[in-house]
Amino acid sequence: MWALSYPQHYTNYVQTELAIYKERGWFGDGIANSNFVSGVGTNMVGLAIAGAYQSGIRDYDVALAYKAIRANELDGKDRKEGSGKMDVEAFVKHGYSPFLDADKTNETGSHFSASHTMEYSFSTFAAAQMAKSLGKTDDYQSFMKYSNGWQQLFDKEQKLIRPKYADGTFIDKFDPTEPWRGFQEGNAIQYTFFVPQNPKGLIDAIGKDQFNKRLDDIFTTSQKNGFGGGKTIDAFAGIKSLYNHGNQPNLQASWMFNFSGKPWLTQKWTRAICDEFYGVEPIHGYGYGQDEDQGQLGSWYVMAALGIFDVKGFTDLRPIVELGSPMFNKAIITLGNKKQLVIEAKNNSKENVYIQRATFNGKP
């Protein structure tokens, strides 16, 4: 949403993160009073900056930004607590973060190894695209190799992401709905779909028909619980559920049907989430069991209600915009360049949620 309409906010954000990097030597996973504090243990700042760059937002020291992004993705030496990615050395060594039975994260792996691997695979993809833009071919190829780290944790029998030890064996007593064992604030069913950088790769690995059926079934089941952990107020109510919009481990999942040959299911489910997860009555609010982090739930709603999104967060070399189902008959967006984007949905209603055709500036 910043890239679309508020590029100055995005610029300010990047400049702030670069100021922290210059002062502290690392991007911060958690920052308070200009000091590193506990965050969630990972670090997606580099991905956010790469997204700004690919969106044409470049009013900062690009060379410094790339240097910081590269270090964030690959370097574990003298890494400070509070910068996150304390297991990045293990990820670089193995191509995935190995599972540790103990509840800790260090240079050998992490207790949250699988969700870390999924996040690092996405963020190295973003770094790869920026490297390619800057003509850094060797870095591009290296980063792209790491962006496929999720494949090493893909259990071909169960067709799920499954934590793996450093010796290459999968963990035993594996429960796909169990949180906090390999997956931070989520589970294998939720995180298996977290491959926004390579939807085709994931769809091919699962099989298109099985992918569509499984994901459609997940949303059908999740709808009964308000697309979270149920209709009670508890920020972590959904960590065992099949889909948990309120804690945001996988907010691009409903958009993945755009890549699996059934875009109407993206239209169906994004519209349903807008209508049923969000609300304004006191007990409902943003959603039962919501955990609004830095405006992510609110901005997701804005984009979904407009009917436009990008699962890659504009990190691709040439970002694209995917279509959903606009909730409004007409929306006028003032873009960052002061031009206007007008989205008109003709014959739109609660029942008519499916797009029959779309044109942009008169062209299909």
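**Note on the predicted model: salt bridges, helices and selected residues**

1. Lysine 200 and aspartate 204 form a salt bridge, with their closest N and O atoms 2.7 Å apart. The model is a predicted one. Both partners sit in helix H9 (residues 199-206), four residues apart, and are therefore separated by about one helical turn. Lysine 200 is exposed, and aspartate 204 is too.

2. The structure holds seven salt bridges. One of them pairs aspartate 139 with arginine 70, the closest N and O atoms being 2.9 Å apart. Aspartate 139 is buried, at 16% relative accessible area. Arginine 70 is partly exposed, at 36%.

3. Lysine 85 lies in the loop between H4 and H5 and glutamate 73 in helix H4, so the pair ties together parts that are twelve residues apart in sequence. Lysine 85 is buried, with a relative accessible area of 1%. Glutamate 73 counts as buried as well, at 1% relative accessibility.

4. Helix H4 itself covers residues 62-74. Its 13 residues reach 18 Å from first C-alpha to last, close to the 18 Å expected at 1.5 Å a residue. Its buried residues are Val62, Leu64, Ala65, Tyr66, Ala68, Ile69, Ala71, Asn72 and Glu73. The cover over them includes H2, helix H3 (45-54), helix H5 (88-94), helix H6 (113-133) and helix H7 (137-146). At the start of H4, a side-chain oxygen of aspartate 61 comes within 3.2 Å of the backbone nitrogen of alanine 63.

5. Helix H6 has 21 residues and reaches 30 Å between its first and last C-alpha, close to the 30 Å expected at 1.5 Å a residue. Of these 21 residues, 19 are buried, so H6 is largely enclosed by the rest of the structure. Just after H6, glycine 135 takes a positive phi of about 80°.

6. Lysine 312 is in the loop between strand E7 (308-309) and strand E8 (322-323). Lysine 312 is buried, with a relative accessible area of 15%. Its side chain makes a polar contact with the side chain of aspartate 316 (2.8 Å). Beyond four places in sequence, lysine 312 touches Phe122, Phe125, Pro196, Gln197 and Pro199.

7. Glutamine 223 lies in helix H10 (residues 208-223). At 28% relative accessibility, glutamine 223 is partly exposed. Its contacts, leaving aside neighbours within four places in sequence, are Trp269, Ala272 and Glu276. With glutamate 276 there is a side-chain to side-chain polar contact at 3.0 Å. Tyrosine 243 is 20 residues from glutamine 223 in sequence and 9.3 Å away, C-alpha to C-alpha.

8. Aspartate 291 is in the loop between helix H11 (263-276) and helix H12 (296-306). Not counting residues up to four places away, aspartate 291 touches Ala235, Phe236, Gly246, Asn247, Gln248 and Leu297. The C-alpha atoms of aspartate 291 and aspartate 234 are separated by 8.6 Å, with the two residues 57 apart along the chain.

9. Met1, Trp2, Tyr6 and Val302 form a nonpolar surface patch, with about 350 Å² of accessible area together. Tyrosine 6 is in the loop between helix H1 (2-5) and helix H2 (7-24). Tyrosine 6 is partly exposed, at 41% relative accessible area.

Methods:
Residues are numbered from 1 along each chain as its sequence is written. This is a predicted model: local features need pLDDT of at least 70, side-chain atom pairs count only at pLDDT 80 or more; totals for chains, interfaces and linings use all residues. Side-chain values use heavy atoms; hydrogens and water are left out. Patches are made of residues with over 30% relative accessible area and no salt bridge: like charges are joined within 9 Å, nonpolar side chains (Val, Leu, Ile, Met, Phe, Trp, Tyr) within 5 Å. Accessible areas come from the Shrake-Rupley method with a 1.4 Å probe; for residues, only the protein chains shown count as cover. A salt bridge is a side-chain nitrogen of Lys or Arg within 4 Å of a carboxyl oxygen of Asp or Glu. Helices (H or I, at least four residues) and strands (E, at least two) are DSSP runs, numbered from the N terminus. Buried means under 20% relative accessible area, exposed over 50%, partly exposed in between (1.4 Å probe, protein chains only). The expected span of a helix is 1.5 Å times one less than its number of residues. Contact means heavy atoms within 4.5 Å. A polar contact is a pair of N or O atoms within 3.5 Å; within protein, one must be able to donate a hydrogen and the other to accept it, and residues adjacent in sequence count only if both atoms are side-chain atoms.
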